[in-house]
Amino acid sequence: MSPVTPANPAPPFAVVRVAHVELGVADLERSRAFYEEALGLVVTEQADGALYLRGLEERSHHSLVLRQEAAGRCLRLGFRVAAEADLERAFAFFAERELAPAWAEAPGQGRTLHVSDPFGQPLALYASQARVERRLQRYGEYRGAAIQRLDHVNLFAAELQATHDFYAGQLGFRTSEYTDTDEAEPRLWAVWMHRKGNVHDVALTNGVGPRLHHVGLWVRGELDVIRACDVLATTGWRGALERGPGRHGISNAFFLYLRDPDGHRVELFTGDYQTLDPDFEPIGWKLDDPQRQTLWGHPAPRSWFEEGSPFVGVEPREPLMPVRPVVAR
Ligand SMILES: [Fe+2]
C-alpha cells in the first residue's frame with residue numbers, strides 16, 4: 001500500500017508554482033555580494049531594508065527577498081495562483097479553517113494574501129508581480145553560477161504525512177517521487193510534490209520542523225555548477241560549500257549545496273525531468289537505498305540532516321518519526 005496521497009483533481013484554488021522565498025539576513029551588503037556577484041542573481045531593487053533578486057530568465061520583480069531582520073530565519077514562502085479569483089477562493093478556504101488569512105501589501109507583487117498553513121509555515125499567495133527586464137540573452141553579463149530561476153523549496157516537516165496529505169489531498173500538489181520505510185506498512189519519509197510539471201515545487205523531509213531545508217535555484221547545466229565551485233573557492237566563499245557537487249538518485253538532479261552568509265541553505269540544481277502526464281506514477285525509493293541520496297554513493301554531512309532555517313514566530317517541533325541520518329565519516 002503506497003503512502004502517497006493522490007492529488008486533489010479540483011483544488012479549492014489553483015496554485016501555479018512556488019514563486020519566491022523571503023529570508024532574514026544580518027548584513028544586506030554581504031548577502032548581496034554572495035547572491036549577486038558569486039551566484040549571479042540579478043538585483044531588481046533595494047528598498048526599506050530589503051533586497052529583491054531574480055534569476056536571469058525571470059521577468060518578474062523577485063524570486064528571492066533578503067530582509068535585514070530575523071537573521072538566519074525564513075520569513076515567508078511565496079506561491080503564484082492562476083488568477084485573482086483564486087485569491088478570493090483561497091481566502092475563503094483558509095478562513096473556513098480558522099487560519100486567519102489577511103490581505104497584505106508587498107513591493108513588486110499584485111494583491112497578496114498572507115496566511116500560515118496548518119503546520120505554521122507562513123505563505124504569501126498572489127497572481128501577479130511587476131514586470132521587469134528579462135536578462136536571459138545578456139550573456140556578456142553572466143556571473144558566477146548564472147542562476148536562471150527559482151525552482152523549488154525543500155522543507156523539514158515534523159508531521160510529514162499530514163503535511164503531504166494537506167498539500168496533495170487538498171491543494172492539488174502532485175507527487176513525483178517519494179521515499180518510504182521498509183516496514184510492513186511503509187511510512188512516508190520524504191516526498192517531492194509539484195504543480196508546475198517538473199519534479200517539485202515543494203519537497204518535504206522528515207525532521208525537526210517546520211523549517212526551511214533549502215531553496216533550490218535552477219542553473220543551465222553541470223558546467224555552471226562546476227564553475228560556481230571554482231568562483232566560490234577563489235572569491236572568499238570557500239566555506240559556503242556544504243555538499244557536492246553530485247547527482248541525486250531522486251529527481252536525477254545534479255546538485256551543489258551552499259550555506260549563505262546567514263546559514264540559509266541554497267541548492268544549485270539542474271537535470272530533472274518533466275512530470276506533466278496525467279498518468280504519471282510517483283517513483284518510490286526505499287530509505288536504505290544509498291543511491292537515493294546520491295547516485296554515486298557518497299553520503300551527506302551531518303549538517304544536512306540537522307540544520308535548517310526556522311520560520312519567524314514558529315517553534316519547530318520534534319518529528320513524529322526519529323531522524324536516521326546516513327552521514328559521511
Ligand atoms: Fe532541492
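This briefing describes the fold of one chain, from its overall dimensions down to selected elements.

The model is predicted: local features require pLDDT of at least 70, side-chain atom pairs count only at pLDDT 80 or more, and totals for chains, interfaces and linings use all residues. Residues are numbered from 1 along each chain as its sequence is written. The secondary structure comes to six helices and 18 strands, where helices (H or I, at least four residues) and strands (E, at least two) are DSSP runs numbered from the N terminus.

**Overall dimensions**

- Along the principal axes, the C-alpha atoms fill a box of roughly 55 × 50 × 40 Å.
- Of the 329 residues, 45% are buried (20 or more other C-beta atoms within 10 Å of the residue's own; exposed means 12 or fewer, partly exposed in between, with C-beta atoms placed from the backbone).
- Among contacts between residues at least 6 apart in sequence, 69% join residues at least 24 apart; a contact requires C-beta atoms, placed from the backbone, to lie within 7 Å.

**The eight-stranded sheet**

- An open sheet of eight strands runs in the order S2-S3-S4-S1-S5-S8-S7-S6, with mixed pairing; two strands pair if DSSP finds at least two bridges between them.
- Its edge strands, each pairing on one side only, are S2 (42-47) and S6 (102-104).
- Neighbouring strands of this sheet are turned by 25° against each other on average, direction ignored.
- S5 (residues 74-81) and S8 (residues 122-126) pair in the parallel sense over four bridges, and Leu77 has Leu123 in S8 as its bridge partner.
- Helix H1 packs on the sheet, touching S2, S3 (50-54) and S4 (64-67), and its direction makes about 5° with that of S3; axes are lines fitted to C-alpha atoms, for helices over the stretch in contact, and angles run from 0 to 180 degrees between N-to-C directions.
- Helix H2 (residues 84-96) also packs on the sheet, where it touches S5, S7 (112-116) and S8, at about 25° to the direction of S7.

**Leu23 in strand S1**

- Leu23 lies in S1 (residues 15-24) and is buried, with 25 other C-beta atoms within 10 Å.
- Not counting residues up to four places away in sequence, Leu23 touches Leu66, Cys74, Leu75 and His264.
- The C-alpha atoms of Leu23 and Ser309 are separated by 8.8 Å, although these residues are 286 residues apart along the chain.

- Seven of the seven residues of S11 (residues 188-194) are buried.
- S11 pairs with S10 (residues 174-180) in the antiparallel sense over six bridges, including the one between Asp180 and Leu188.
- S11 and S12 (residues 202-206) run antiparallel and are joined by four bridges; the bridge partner of Trp192 in S12 is Ala203.

**Helix H4**

- H4 (residues 222-234) has 13 residues and reaches 19 Å from its first C-alpha to its last, close to the expected 18 Å, which is 1.5 Å times one less than its number of residues.
- Asp224, Val225, Ala228 and Leu232 of H4 are buried. They cover an arc of only 100° around the axis, which puts them on the same side of H4; the arc is that of the directions from the helix axis to the C-beta atoms.
- The face turned away from the buried side of H4 carries the exposed residues Leu223, Asp230 and Thr234.
- The cover over the buried residues of H4 includes H1 (28-38), S14 (241-247), S15 (254-259) and S16 (265-270).
- H4 is followed by Gly236, whose phi is positive, near 90°.

Terms used:
Contact = placed C-beta atoms within 7 Å.
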